[in-house]
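My notes follow the model.

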Amino acid sequence: MKNQFWNHFDRKYVKVALYALGTVLLGLAILLLCYESTGFWVRLGKILGAIATPLIYGLVLTYLLMPLTNFLDKKLSKGKSQGAIATGSRSLAVALTLLSLFLVFVLAFVAIYVTFSKQLSNINVKSLENIYAQLQSQYSSFINEIMNYLNKQGLSTSGLVSYLQASVGKVTSFLSDFFFGLIFAIYFLYDGHRIAGYWKKNFVALFSPKLVKGVKVFLADADSAFSGYIRGQIIDAFIVGVLVSLAMLIAKVPYGLLIGMVTGVGNLIPYFGPILGYGMVILSCLLNQNWTALIAGMIILLVIQGIDGNLINPKLLSNAIHIHPLYVIACVIAGGAMGGFVGMLIAVPLGALLKTEFERLVAYKEKMSAKNSSSSN
């Protein structure tokens, strides 16, 4: 009787149903556990978020500095055997990369300090503190003048104060995350090639050759879209920031050092650098009623942005994927809406990557259509 009852069921489907029921019950148990331990998961999320931010900074720094490290490593290990010597050359390559980065910042600082103080003999740690103090002073003075003007016009400044306090907190948090990101970057620069090789070997072993080939093509497209653009934009922003700061200090434009730094950072995003630069020059000179400095500052920005747009930027971004200016603006707006400043920074190369993948898809469809057409004939 019992056997006759079970004979009415297909055992294969009974087994599938039991697996499905078990999965549902396990899922409900996990959801209940999450609900009952909300505080734990919130704390875990905060911990992971705190680790993720400097980790991302470290990966970005690694991506930017890896070509130089690999180049130096190749030159240093040329003609030498593998093993300890190769490991030593990698360590030296990482150290030279970081030293090169440090020297670039030192040279920029020396140029700004000499322009600011008119002397080269007193450059030391104290002079670095003086430049930082000058930036802080210019920032505070600039904001106070804006707030005083708004108060005279009878406008509320409470919202502006809250925004500025939040901005200062974000800057402090960024510096802390950047420091730990630099530590991550040092490790990745030294050992990143072995980590990448390990995961590449496992990926090839686990997945089909077709999928592996597709992922390789996509990663090559992503590297082509991001590498040239991001590195070029950062170098371009640094050069423009230093040039504008020097020129503004020489022309004695109010808050010149602050204007130069903001213009350089703004230059990371297409079309934002000139807008921020002109806006700050006009605002600072109007608040100080300094019309001579206004004219000088506008001419300085016009000349430097002209040189940058026609010589520096095209040279630095010669290897980047070029897209239409209207598409660039659309990408920047979308990136800002989704991810703020970081979103705007990566929006253009991400848009270029989407454009490349779309064109690759269209080419594939056209190829398949032509193939089907020829086979039917």
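I began with Phe142 and its contacts (heavy atoms within 4.5 Å). Phe142 touches Tyr255, Leu258, Met280, Leu283 and Ser284, leaving out residues up to four places away in sequence. The model is predicted, local features need pLDDT of at least 70, side-chain atom pairs count only at pLDDT 80 or more, and totals for chains, interfaces and linings use all residues. Residues are numbered from 1 along each chain as its sequence is written, and side-chain values use heavy atoms, with hydrogens and water left out.

Next I looked up the nonpolar cores (buried Ala, Val, Leu, Ile, Met, Phe, Trp, Tyr and Cys residues joined through side-chain atoms within 4.5 Å). Buried is under 20% relative accessible area, exposed over 50%, partly exposed in between, with a 1.4 Å probe and protein chains only. The largest core has 20 residues, and Phe142, Met248 and Val281 have the most contacts inside it. At least two residues each come from helix 5 (125-152), helix 7 (209-250), helix 8 (256-266), helix 9 (272-288) and helix 10 (291-316). Helices here are DSSP runs of H or I, at least four residues, numbered from the N terminus. Helix 10 gives the most, 5 residues. A second, separate core of 15 residues includes Ala225, Phe226, Ile269 and Ala352.

Which residues of helix 9 are buried? I found Gly273, Gly277, Met280, Val281, Ser284 and Cys285. They lie on the same side of helix 9 because they cover an arc of only 115 degrees around the axis, taken from the directions from the helix axis to the C-beta atoms. Just after helix 9, Gln289 has a positive phi of about 55 degrees.
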